[in-house]
Amino acid sequence: MYALEELKEGKILLIDKPLNWSSFQAVNKMKWAIIKKFKIKKIKIGHAGTLDPLATGLLVICVGKYTKKIPELQGQLKEYTGTFTVGATTPSYDLETTIDQTYPTEHITSELILDTTNKFIGEIEQIPPVFSALKKDGKRLYEFAREGKEVKVNPRVIKISEFEITKIEMPEIHFRVVCSKGTYIRSLAHDFGKALNSGAHLSELRRTKIGDFNVDKAITPEAFAESL
């Protein structure tokens, strides 16, 4: 499928990350497949934007000289589809941790849900989840969170270009969102629940696009390894 010289000169590969894989595992699977196939010691490889293990979808993988393109690719708009579950929150804002609080949902109408999306379109302030890989004082936030330590996370300005509710099946709200680099969809779920005077967490997430790259053209890490 690929010649070694071609990979070294630079290649962008589109991978559909499976559920429960870390982005690092996906990259590693590809790296070792290339090393084994071409009997080489090393190859430059990296991804343009992490996905949580509980998310699936598009990873843009840069190989060889194209690893230099990673910062530029990371800055592109991203599109996600997924599901918020209303009426309960979790400390991680998704299903990585268990439900810590439940909330009433009887007052939530389709009209309220659709009106609430408008509050999140444009430039907004967002606080990243404490269960995230962001660093503070040289330590990752999730390390503080797992130790049960309180940590102050500063808000950041992000931009949501499109936010569409695709289906409402209470307590599940299905959505599509187009957003800037640095947006946490888990935080969006949490804040959306609050804005509904209830609570919510992210129960499903799939990244469908990064810039002009689409998950429709992506293959799984295993399929890539077999194709070599």
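Select Phe-120 and Phe-192 to begin: both are buried, that is, under 20% relative accessible area with a 1.4 Å probe and only protein chains considered, whereas exposed means over 50% and partly exposed lies in between. The model is predicted, so local features need pLDDT of at least 70 and side-chain atom pairs pLDDT 80 or more, while totals for chains, interfaces and linings use all residues. Residues are numbered from 1 along each chain as its sequence is written, and side-chain values use heavy atoms, without hydrogens and water.

Phe-163 and Phe-192 form an edge-to-face aromatic pair, 5.5 Å centre to centre with 70° between the planes. Rings of Phe, Tyr and Trp (its six-membered ring) pair if their centres lie within 6.5 Å; planes under 30 degrees apart count as stacked, over 60 as edge-to-face and the rest as tilted. Phe-163 is buried, with a relative accessible area of 7%, and Phe-192 has 0%.

Finally, select Leu-54. At 33% relative accessibility, Leu-54 counts as partly exposed.
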